[in-house]
Amino acid sequence: MEIARPEVQRFTGSADGAIKAAAGGLSFYYGAVNALRNINVPIHEKRVTALIGPSGCGKSTFLRCFNRMHDLYPGNRYEGEIRLFPDNTNLLAPEVDPIEVRMRIGMVFQKPNPFPKTIYENVAYGLRVRGERARRVIDDKVEQALKSAALWDEVKDRLQSLAFNLSGGQQQRLCIARCLATDPELLLFDEPTSALDPIATGSIEELIHKLKDRVTILIVTHNMQQAARVSDYTAYMYLGELVEFGRTDDIFVKPRDRRTEDYITGRMG
Amino acid sequence: MPQSEHLSKQYDQDLDAIRSRVLEMGGLVESQIQTALDAYASGNAALVERVIEEDERVNGFEVGIDDACIHIVARRQPAAVDLRMIMAIGKIVTDLERMGDEAEKIARMTRQLYESNQMSPPKFVDVRHVANVALSMLHRALDAFARSDAAEAARVVKEDAAIDAEFLAILRQLITFMMEEPRIIGRAIGVVWIAKAVERIGDHAKNIAEQVIYIVKGADVRHTDMANVERTALG
């Protein structure tokens with residue numbers, strides 16, 4: 001099947017210091033299924049970018065490209081590139097080690113997935129994988145990460161208890177703390193609050209708001225109001241294509257594309 | 001700009017119901033203004049009373065529509081064109097209500113003029129002509145709202161300048177009369193009040209038209225020049 005190939009847009013970190021990453025001409029295939037089609041989009045540094053779109057539009061597929069999650073399954077294929085700045089690394093290049101990529105790019109999933117370990121060990125894990133051995137450094141980092149994830153006050157007296165004893169919202173914040181411990185440059189959130197109640201959702205959203213001072217965030221959400229609340233930029237995807245990308249303020253008040261408007265206003269696509 | 005339907009039929013119905021009520025309110029205000037002008041032309045006291053009574057209904061519409069808008073926002077979190085429409089309606093009903101107030105002012109001033117003078121209608125100048133222009137502006141602004149017609153809305157905005165010019169002409173004429181014949185000053189000032197009310201009706205019609213452009217085009221053209229209004233509405 002021939003796919004129209006519009007000009008690949010190139011976003012460079014050097015031209016605009018505010019760009020952390022950029023997809024250029026990115027297509028993705030699950031075997032024969034073309035799940036992403038020529039995606040070009042910049043990810044602004046220390047901003048929250050939300051990916052919205054109906055189920056099956058490719059937003060999670062796109063998110064997972066960033067930390068090479070698709071490498072885990074045979075038959076998956078990338079085309080194009082995802083550049084990470086300032087070093088201008090193409091994350092999708094075969095010579096780039098996915099483990100290395102995941103050190104720089106953390107991911108939080110729909111359902112909290114803490115390790116069957118203590119709260120402390122969950123957060124310390126990434127540091128140990130990195131080869132950190134100094135107890136004092138690890139203690140420090142664990143405390144900082146838990147504080148950044150707004151969880152410290154709730155768990156500081158029970159760091160040695162099992163992570164599974166925490167509530168769903170706390171477990172999700174623990175997973176965020178686990179990511180933060182290794183100082184990622186980019187955090188990927190795949191529907192991080194869809195399994196949480198409104199209160200826990202509110203605390204995660206507040207956390208996302210605070211975190212953008214130090215890290216770039218890319219979030220997939222089914223909840224359009226959540227995208228409107230937490231993000232600075234919004235990308236609307238449909239049938240594997242990026243339909244519209246722009247400032248959240250513009251997308252939710254005056255989208256340019258009719259398909260975006262139909263989606264965010266709850267009309268038939 | 002035909003909109004496809006929402007997945008939620010109830011949402012469509014709620015929005016349609018609000019739009020219909022705005023148009024109903026607009027129709028009521030139109031007839032209220034028309035009645036006030038008829039009262040001014042004829043001195044018919046019954047008409048004056050009717051205008052004053054109708055104002056209660058207009059006020060009721062304003063409160064009811066505002067309430068419906070708040071409920072839509074709370075329940076549906078409208079976005080994009082729906083959001084713009086709900087926000088604009090909140091402003092449009094304020095303008096309509098103020099127009100109703102202006103109609104009431106015309107009616108009350110008419111009563112005062114007729115009662116104090118007990119003589120033929122004080123037709124120094126042709127307020128009626130400019131009043132008809134204002135009334136047609138309102139009619140067309142409501143039409144533009146009903147049909148989401150930004151181009152028509154821009155024409156309404158443009159027309160307001162003519163009303164403003166006409167008001168100044170009326171004022172100059174009345175000043176001349178007053179200088180020539182000081183005994184009519186009281187009545188002439190009454191007519192100034194009526195002309196001013198008509199001029200304000202034109203302003204409110206223009207405001208409504210600007211909101212229609214906002215709904216359709218997503219650009220706020222208030223306090224910008226006519227060239228920008230036209231560019232936005234036609235672009």
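1. Let's start with burial in chain A: 44% of its 269 residues are buried (a residue is buried if 20 or more other C-beta atoms, placed from the backbone, lie within 10 Å of its own, exposed if 12 or fewer, and partly exposed in between). Keep in mind that this is a predicted model, where local features need pLDDT of at least 70, side-chain atom pairs count only at pLDDT 80 or more, and totals for chains, interfaces and linings use all residues. As for labels, residues are numbered from 1 along each chain as its sequence is written, while chains are lettered from A and ligands numbered from 1 in the order in which they are written.

2. How far can you trust chain A? Its mean pLDDT (the predictor's confidence in each residue, from 0 to 100) is 91, and 93% of its residues reach 70 or more. Residues 1-6 of chain A are below 50, with three contacts in the model beyond near neighbours in sequence; two residues count as in contact if their C-beta atoms, placed from the backbone, lie within 7 Å. Residues 13-17 of chain A also stay under 50, with four contacts beyond four places in sequence. Where pLDDT is low, the predicted coordinates should not be read in detail.

3. Now the overall build of chain A: ten helices and ten strands. These are DSSP runs numbered from the N terminus, helices being H or I with at least four residues and strands E with at least two. The radius of gyration of chain A is 19 Å, close to the 18 Å from the globule rule for 269 residues, so chain A is as compact as a globular protein of that length. That radius is taken over C-alpha atoms, and the rule is 2.2 Å times the number of residues to the power 0.38.

4. Have a look at the six-stranded open sheet in chain A, with the order E6-E7-E8-E3-E9-E10 and mixed pairing; strands pair if DSSP finds at least two bridges between them. E6 (105-108) and E10 (241-247) of chain A are at the edges with a single partner strand each, so one side of each has no neighbour in the sheet. From one strand to the next, the twist averages 15°.

5. At the E6 end, E6(A) runs parallel to E7 (residues 186-190) of chain A, joined by four bridges. Val108(A) has Phe189(A) as its bridge partner there. Helix H6 (residues 168-180) of chain A lies across both strands, at about 170° to E6(A); axes are lines fitted to C-alpha atoms, for helices over the stretch in contact, and angles run from 0 to 180 degrees between N-to-C directions.

6. Eight bridges tie E1(A) to the antiparallel strand E2 (residues 33-44) of chain A, with Leu26(A) partnering Ile39(A). Two residues sit between the strands of this hairpin, where Gly31(A) takes a positive phi near 60°. Another eight bridges link E1(A) to E4 (residues 76-84) of chain A, again antiparallel, and there Tyr29(A) partners Arg77(A).

7. Chain B has seven helices and zero strands.

8. Finally, where do the chains meet? Twelve residues from chain A and 14 residues from chain B make the contact. On the chain A side, H9 (248-253) and H10 (258-264) are the elements giving two or more residues, and H10(A) has the largest share, three residues.
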